[in-house]
Amino acid sequence: MRAALLIQRWYRQYVARLEMRRRCTWNIFQSIEYSGEQDQIKLYNFFGFLMDHFTPASSERNLISHIFRESEVFQDAEWEPYFCYKSIDVPDMYTGPHLTFPLTVNIITELVEAFKHKQHLHARYVLQLLGETWRLLRILPNINEVSTFHSKEITICGDLHGQLEDLLLVFYKNGLPSVETPYVFNGDFVDRGKDSIEILLILFAFQLVYPNDVHLNRGNHEDHIVNLRYGFTKEVLGKYRVHGKKILKLLQKIFSWLPLATVIDQKVLILHGGISDTTDLKLIAKLERNRYVSALRPPKRPQALSSSDGNARFSGGDWDQYSLVGRRRVRSLTHSNPASSRRELQRRSLQNYSTRTGHNVEEELRERRRWAGLSASCERIHDLPSSDSDPDSGEVLETDAEEWKQIVDMLWSDPMSQDGCIPNEVRGGGCYWGPDITEDVLNRHNLRLLIRSHECKQDGYEFCHNRRVLTIFSASNYYEVGSNRGAYIRLGPDLNPHVVQYQASRSTRELTLRQSVGRTERSALRALREQVFAHKSDLTSAYEEFDPEHTGVISMKHWAVATETVLQLGLPWRVLREQLVGDSTQDGIINYNDWFRELALMDPNTELAHTGLLETMYRHHSNLETIFRIIDTDHSGLISFEEFRQTWKLLSSHLKMEISDKAISDLALSIDFNKDGSIDINEFMEAFRLVDCSHAQILISMNGGTSPDPPQPSSPS
């Protein structure tokens with residue numbers, strides 16, 4: 001009996017340790033993910049600042065102006081002829097699926113089967129399908145009303161993020177969409193995964209066949225600006241090299257027409273992100289949703305706007321709070337940030353903003369131009385002309401700003417455990433809302449339950465706020481194979497949600513708990529080491545503050561404080577020390593120089609290591625790729641040396657750092673692999689790879705004492 005108790009105690013401790021490791025790993029993945037969203041919003045706010053304050057003729061404004069004009073290029077009547085599919089021929093050699101309209105269930109079943117076997121749909125059919133979808137979406141309301149009828153269950157899916165395997169598994173377990181099996185898909189169909197366009201085409205096809213039984217809500221990733229960073233733009237251009245630009249433009253229009261929410265039996269509200277203390281479903285129901293092509297910036301009325309009015313575009317008014325040096329929590333797009341709110345959420349609000357006095361808009365722009373090394377001929381700051389001469393000018397009316405706030409809150413917000421409504425400083429958009437806000441909004445609209453997505457959950461779902469808020473996430477293995485389950489909800493006439501969980505990867509289901517945790521943990525630590533390398537200089541300076549004699553060693557306490565000060569990821573650094581630092585620590589003392597030496601670059605072109613831009617490259621990898629995609633207006637995947645230079649200058653202006661022309665030129669020459677005077681964006685972004693020295697030594701020993709072959713640059717996709 002005693003032995004059994006001892007074994008039971010040991011096993012409980014063993015499971016508890018694994019659970020602690022699993023939660024710590026989860027925090028690493030989520031912190032890094034949200035810091036990337038902060039960067040995205042800060043960069044876009046910087047672009048918005050350029051658009052509001054730089055003259056129309058300025059070079060940097062011209063570089064990025066087209067991403068703000070996308071919704072104004074064509075009137076609705078001009079879209080159909082522009083995207084006419086009839087001029088596109090399907091060659092005889094094409095072996096993929098064929099579509100005929102109107103669609104039938106058999107045709108969609110064949111389409112799903114083709115996608116399952118990695119076939120692509122021809123661009124002619126893609127454009128035709130998207131055109132039909134656009135016509136349908138235009139007649140749908142902002143909030144869909146759905147009824148369960150008698151004994152009829154509705155299935156609700158959360159984020160899919162381009163993971164076709166998860167969607168197919170849901171269909172296998174739950175059945176294909178039909179009159180008897182209605183579905184609500186709650187946004188974030190695209191980005192991150194490799195099959196986003198296939199998921200969209202399947203969902204759009206089913207919606208065309210069953211318009212009353214398949215409902216799609218918009219997510220925060222149904223946004224062409226977000227797609228530039230998180231992979232969907234790259235995916236479409238890779239799969240449809242000739243007609244990809246047209247497909248993206250039409251999808252951009254379609255995203256703006258997606259409904260914002262669904263209500264079941266007038267009692268259950270389904271939306272992607274969440275609510276706030278100002279959520280008003282009546283206002284949401286009557287706004288013009290298609291005007292909000294990107295939720296990151298409010299639409300402007302075509303009126304003259306002086307530069308002195310531009311700061312009103314931002315929630316706090318001052319540009320300084322969007323041009324932060326280092327990793328700081330950014331101000332929410334739509335919410336102010338009182339000091340009391342920051343104290344209420346100490347873990348999330350990691351650092352106050354630095355403030356600088358005496359800088360007006362003109363001085364700020366001059367300083368940014370100086371940092372960027374831009375021409376003095378562009379130095380003058382003028383009031384923006386009227387909309388007749390500049391299509392991007394205009395003003396945000398108070399009603400537009402209120403509507404925009406409603407949409408941002410619906411797409412970007414997250415629940416929190418304490419009462420109140422405060423800025424979502426972790427993501428940079430929307431708010432955190434508490435149980436009291438849930439009670440107020442649901443009671444005010446006579447609702448029982450709020451179902452939302454937007455957050456990855458380890459079990460695929462999570463109840464909060466006295467079980468009146470349910471988060472559902474349908475992309476399993478989101479961060480890493482084994483990191484989380486996916487789930488969907490079945491909701492019957494009793495409106496009691498029944499959650500079904502799954503794991504799409506067969507290999508994961510065969511792993512033990514220890515193997516699964518270990519695999520996910522290794523992936524999270526690898527991602528964290530990349531963050532360390534990207535901030536090596538700042539970390540060194542922070543460590544040296546506790547090491548005035550430059551001995552190269554500091555205490556574990558000082559190491560943890562300095563690491564959090566620089567990276568600001570809100571992680572338990574002391575707990576992570578053993579896995580992260582390894583042999584570089586002894587008796588509570590950490591040799592940070594040895595730790596940095598454990599990180600090594602395996603680089604197919606060693607010239608890159610001497611350009612002085614490696615650390616900047618790693619730290620702002622995603623920002624660079626976003627700017628590249630914006631500057632590559634023809635979506636060819638290639639940019640000239642001059643465009644490459646302008647990209648780095650734009651980034652240096654955003655970061656307030658000085659990068660010499662020589663360093664940029666050396667970098668450009670070293671990555672022009674075929675010496676044709678242009679740079680392949682994908683080759684550049686994959687030119688570096690970070691590995692552990694210990695890993696490298698293992699690979700060397702496995703290869704008989706010789707270094708493994710470096711990764712070859714991939715072909716443009």
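**Figure 1. Asp414 and Arg427 meet side chain to side chain in a salt bridge, 2.6 Å from N to O.** A salt bridge here is a side-chain nitrogen of Lys or Arg within 4 Å of a carboxyl oxygen of Asp or Glu. Asp414 belongs to strand 7, while Arg427 sits in the loop between strand 8 and strand 9, so the pair ties together parts 13 residues apart in sequence. Both Asp414 and Arg427 are buried. Buried means under 20% relative accessible area, exposed over 50%, and partly exposed in between (1.4 Å probe, protein chains only). Through shared partners, salt bridges join Asp414, Arg427, Arg452, Glu455, Lys457 and Glu462 into one network. The model is predicted: local features need pLDDT of at least 70, side-chain atom pairs count only at pLDDT 80 or more, and totals for chains, interfaces and linings use all residues. Residues are numbered from 1 along each chain as its sequence is written, and side-chain values use heavy atoms, with hydrogens and water left out.

**Figure 2. Three strands form an open sheet in the order 7-9-8, with mixed pairing.** Strand 7 (414-415) and strand 8 (421-423) are the edges; each has a single partner strand, so one side of each lacks a neighbour in the sheet. Helices (H or I, at least four residues) and strands (E, at least two) are DSSP runs, numbered from the N terminus. Two strands pair if DSSP finds at least two bridges between them. Strand 7 pairs with strand 9 (residues 431-433) in the parallel sense, over two bridges. Asp414 has Tyr432 of strand 9 as its bridge partner.

**Figure 3. Strand 10 (residues 449-452) is covered on both faces.** Leu449 and Ile451 are buried on one side, Leu450 and Arg452 on the other. Strand 6 (residues 268-270) runs parallel to strand 10 and is joined to it by three bridges. Val268 has Leu449 as its bridge partner in strand 10. Three bridges also join strand 10 to strand 12 (residues 469-472), again in parallel. Here Ile451 stands opposite Leu470 of strand 12.

**Figure 4. Lys152 and Asp213 form a salt bridge, with their closest N and O atoms 3.5 Å apart.** Lys152 lies in the loop between strand 1 (143-146) and strand 2 (154-157), and Asp213 in the loop between helix 8 (196-209) and strand 4 (214-216), so the contact ties together parts 61 residues apart in sequence. Lys152 and Asp213 are both buried. The whole structure holds 14 salt bridges.

**Figure 5. Lys239 forms a salt bridge with Glu198; the closest N and O atoms are 2.8 Å apart.** The pair links distant parts of the chain, with Lys239 in helix 10 (residues 232-239) and Glu198 in helix 8, 41 residues apart. Glu198 counts as buried, at 3% relative accessibility.

Figure 6. On a 1 Å grid over the protein atoms alone, a cavity is a set of points where a 1.4 Å probe fits but cannot get out; lining residues have an atom within 4 Å of a point. Grid points are joined across faces, edges and corners, and a volume is the space filled by probe spheres set on the points. The count comes to three cavities of 30 Å³ or more.

**Figure 7. Gln458 lies in the loop between strand 10 and strand 11 (461-464).** Gln458 is buried, with a relative accessible area of 15%. Leaving aside residues up to four places away in sequence, Gln458 touches Glu19, Arg22, Arg23, Trp26, Ser483, Asn484 and Arg485. Contact means heavy atoms within 4.5 Å.

**Figure 8. His465 has a positive phi of about 55° although it is not a glycine.** The residue lies in the loop between strand 11 and strand 12. His465 is buried, at 7% relative accessible area. His550 also has a positive phi, near 55°. Its place is the loop between helix 19 (536-545) and strand 15 (553-555). At 55% relative accessibility, His550 counts as exposed.

**Figure 9. The peptide bond from Phe101 to Pro102 is cis, with omega near 0°.** Pro102 is found in the loop between helix 4 (76-82) and helix 5 (105-116).

Methods: On a 1 Å grid over the protein atoms alone, a cavity is a set of points where a 1.4 Å probe fits but cannot get out, and a pocket is an open set with protein on both sides within 12 Å along at least five of seven lines; lining residues have an atom within 4 Å of a point.
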